[in-house]
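Trainee: I have not looked at this structure before. Could we go through it one question at a time?

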Amino acid sequence: MTETVLSANMELLTFRLAEQEYALDIMSVREIRGWTHATQLPHAPAYMKGVINLRGTVLPVMDLGLRLGLPPREENERNVIIVVKSEDVMTGLLVDAVSDIVAVTGEDLQPPPELSSGASEGVVSSLTLIDERMIRVLNLAATVGTIERTAA
Amino acid sequence: MSEENDPMAEIRASFFIECEELLEALQDGLQTIDDGAADSETINVVFRAVHSIKGGAGAFGLEALVRFAHRFETVLDEVRAGRLTIDDEALKVFFQAADHVSDLVRICRDGADAPDAETAVLIGALDQFLGDTVPEEDAEEPEIEFAPMGLSLDLDLSDASDETEAACPDLDALPPPPDFGAPTGDTAYTITFIPQAEMFETGNEPALLLRNLSQMGDLKVTCDASTLPDLDKITPEVPHLSWTIHLQTDVEEAEIRSIFEFVEGLCVLEIARETGDGGSDGDTTDETPVSPIVDISSETVNTPPPARPPDPPQAPTAPKPAQAAAPNPAEPSQPARAATAPTAAKSVVRVDLDRIERLVNLVGELVINQAMLSQSLEQSGLSPHSDAMSGLEEFQRLTRDIQDSVMMIRAQPVKSLFQRMSRIVRESSAAVSKDVRLNVIGEGTEVDKTVIERLADPLTHMIRNAVDHGLETPEKRIAAGKPAQGQINLSAAHRSGRVVIEISDDGAGINRPRVLQIAIDKGLIPADAQLSDTEIDNLLFLPGFSTASVVSDLSGRGVGMDVVRTSIQALGGRITITSNPGEGSTFSISLPLTLAVLDGMVIKVAGETLVLPLNLVVETLTLSNQDVQMVRPGNQVIEVRSGFVPLFDLGASLGYREPLQNFDGAVVLLIAQEDESCTALLIDNILDQRQVVIKGLDDSFHRAPGIAAATILGDGQIALILDPSDMIANAGATALAPSPPLKTQGVSA
Amino acid sequence: MSLEILAVDDSRTMRDMIRLALLPSGFTVHTADDGVHGIEVLEGIQPDAIITDINMPRMDGFGFIDAVREQDKHRGTPILVLTTEAAPELKKRARDAGATGWIVKPFDPEKLVKALQMVAG
């Protein structure tokens, strides 16, 4: 259940979470915006930061680090929200900082080793090396949970 | 109505929309008959609905629909003519037939396969009412027989239509015969044509007939004006001329006759094949010596045959054709029927829904924007009497008016929805052999279009439940001293800014011991649970609960009342049950009028801003510690006018903070519950009362029970909109808050 | 040459169909929703021909034809009746009321145009 076959050339938006490098297909990114206060949703999972006003629409925001099972971090001004669209659902992903946009080819990407189960199971679709740094490319649908929801 | 790529496709789409309207009129009419409130126009309305559907269907070649509608129409025509009386049996079949027409319309629209077997069965049922009056194949034949003339004229007519001018038509001034090689024709006909008075009363024009004839071949016309009186004695409506026509053509006699189709019976017409030169084998007995006046090949025409009534001076005194002036008493639907007929079509504009959505969204933005502006103006410290502030007040009023008007666009009567339910009742009662009558009240109540659409499924399920489980079998009803026919009432009404839809039956009521037992058996509640009647009734809404021990065809489709409740809640609505053993049950659905705006109370709880529907707030109180009594730990009540009202700690319930221990200065809102009991909602303070724009939260937001939606406040922040009843009802289930059995302790005194 | 036509039918679909059939031939088409409306529309126009349905609310086709023929200025205006059945008695009634001719629904646009040209010129 990897995402759509990666095309020969794709662009990735890379960003940092707890000193690790992650990436998303730039085609799914709608915009990047600075951190604003999110209205808390009662009884939501801890990784749900809440909802923010995105030009008149209510956008749910997810703390991507918590979603991936990384330790909680202090909020700071460099935090940004990456607004993504997956299967027609818009979600904001709170990350530590955005790094770069890089072009890769299908050969640059390797499947991840089988991971043990955990919060991040299935969310990393492939790995790639850029300047000796390992970048984890995320499966967006698995990350924002649209797959679980549609199956439920 | 500008040019689209395919105007036919557009008309086709419009036809199906019209069909929906006609089907509604059809249902309405049948319902009126069923209610015994029909007058003579009712059957005409019913007939016309079927008739118009058939007419349109014919235009689009929708054979299955035409065939069935035709048969239905034929039977209805018998009723109209007074040859058939509608009894219960007939009405039942008519309802089924109407449902079937409705099915066929949808099948034709969606291009699905026609259910021929079902059609055949219903045609059989309809035919019973026809007896032997209508032979099987009456329908199609005459249409061919009387089909309009199929001449391949291709006329490029010049100006020859000045009808009021009574001059003899100059046939050469009429358009030239089309070039279809007719004059080479080898058959000669002699046609005698003597118009009678009636012909002019029908607006037929001899000159045009002659012209049309001239296009078939070589024409020689002689006009007999011998009976023409002196000019001052001419009566315009009485024909004084007759014609003898020689036509050389290769067309068939039938085609020649088709020219005279409209005047058949209004003239003496003889068509005879000529045997030799100038001779004729026909017996044109009326033939009198004629003087040639009009020769089709000649340039001149002189005598004016008064084919059409000339204009004044005669006109004002011209005698009216008696026949045409007398209204026909036999026709049941003559003019003066306006009172009962559907009123003249209101002027209506059809608008793409997307455009309305866009407008609704824009108005929503406007409201938010206005709220933001208000807030910043207030913070700027302007005097409330300044021009800016009073201008703002006017701006607020206008915004609100615009919003109301825009919401009106989306409002629709629930009638279409209710009509679908009457069909559900008919079908489901037949399936379980129960005699059920559906009484509908308030079908004119208007609700947001989306609400109506999304109510269809839950309502269908509840109606089926009522038929299947709510009502007893006829035998049991009679044994219980009730009429064999069960009653289901479906009503809609506006009540304090919401729409309340109720479905009630006069069945046995909820079998509480059994419900309790099932819930225990399924492990939904502990075996020793002590529950009030209301709590037992509410077990029906638990996921995984289904009362039917035998899963019937009807409601046992894996959909329980929990799904119904979820759908209602998704609309910002609530559902409650009341039931009396032996007397029946009532399900009450309360819905917001619109999904777009809400009159809200803005409150603060543990630093979070929240919005409550204003209409639920009965009263606000400020507490002191002695007002609060503990029933048991985590379970407090406050005393309000010698009654005890359960206290519900909103901040703790939402997980924002620990339960409050010190109540001095805390604010409570008394919230009216659907069952008329009250709950006191503990909050920090009230910020404002204002209209807010509702922004939906779907499941991707991890929406908690009690959180109905969200809105954007004047400062751009999002505030959640609460549904306190839902939250209180779910407080036990979520196990996230202390779970006092609140409802059992409502203010009853 | 263009004719001016008044089409009276309670079905929007039929009115649209008639308009669609006649516009390409350069006809000017006025429409009305029923007999009463038809009479109202007729006050402002002098059509070359009228097409009318029979089954209509408020005032049906027969009533409409009667009412048209009562007006001197429309006494000679050709009127075609649109009917789904050409049952002889319907035909006779239409004619008794003063109809010029009839067109059986569903009509062929070409035939409708021709029939109008035949009766209206």
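**Helix packing, an interface and a sheet**

Mentor: This is a predicted model. To begin, helix α13 (residues 415–431) of chain B packs with helix α14 (residues 449–470) of chain B at an angle of about 30 degrees, and their axes are 9 Å apart.

Trainee: Are α13(B) and α14(B) roughly parallel or roughly antiparallel?

Mentor: The angle between α13(B) and α14(B) is about 30 degrees. Angles under 35 degrees count as roughly parallel, and those over 145 as roughly antiparallel. Therefore α13(B) and α14(B) are roughly parallel.

Trainee: In the contact of α13(B) with α14(B), how many residues are nonpolar?

Mentor: The α13(B) side includes B:L417, B:M421 and B:I424, and the α14(B) side includes B:I452, B:L455 and B:R464. Three residues of the contact are polar and three are charged. The number that are nonpolar is ten.

Trainee: Which elements of chain B each supply at least two residues of the side that touches chain A?

Mentor: In this interface, 22 residues of chain B are in contact with 18 residues of chain A. The chain B side divides into twelve nonpolar, six polar and four charged residues. The elements of chain B that each supply at least two of its residues are α11 (353–379), β21 (707–712) and β22 (718–722).

Trainee: What pattern does chain C follow along the sequence?

Mentor: Chain C has five helices and five strands. Of its 121 residues, 71% are buried. Read along the sequence, the pattern is β-α-β-α-β-α-β-α-β-α.

Trainee: Which strands of chain C stand at the edges of the sheet?

Mentor: The five strands form an open sheet with parallel pairing, in the order β2-β1-β3-β4-β5 (chain C). A strand at an edge has a single partner strand, so one side of it is left without a neighbour in the sheet. The strands in that position are β2 (28–32) and β5 (101–104) of chain C.

Trainee: Which residue of β3(C) stands opposite C:V8?

Mentor: Strand β1 (residues 4–8) of chain C pairs with strand β3 (residues 49–53) of chain C in the parallel sense, over four bridges. The residue opposite C:V8 is C:T52.

Trainee: What angle does the direction of α5 of chain C make with that of β5(C)?

Mentor: Helix α2 (residues 35–43) of chain C packs on the sheet and touches β1, β2 and β3 of chain C. Helix α5 (residues 109–120) of chain C also packs on the sheet, touching β1, β3, β4 (79–83) and β5 of chain C. The direction of α5 makes an angle with that of β5(C) of about 180 degrees.

How values were computed. Residues are numbered from 1 along each chain as its sequence is written. Chains are lettered from A and ligands numbered from 1 in the order in which they are written. This is a predicted model: local features need pLDDT of at least 70, side-chain atom pairs count only at pLDDT 80 or more; totals for chains, interfaces and linings use all residues. Axes are lines fitted to C-alpha atoms, for helices over the stretch in contact, and angles run from 0 to 180 degrees between N-to-C directions. Angles under 35 degrees count as roughly parallel, over 145 as roughly antiparallel, 65 to 115 as roughly perpendicular and the rest as oblique. Two residues are in contact if their C-beta atoms, placed from the backbone, lie within 7 Å. Ala, Val, Leu, Ile, Met, Phe, Trp, Tyr, Cys and Pro count as nonpolar, Asp, Glu, Lys and Arg as charged, and the others, Gly among them, as polar. A residue is buried if 20 or more other C-beta atoms lie within 10 Å of its own, exposed if 12 or fewer, and partly exposed in between; C-beta atoms are placed from the backbone. Two strands pair if DSSP finds at least two bridges between them.
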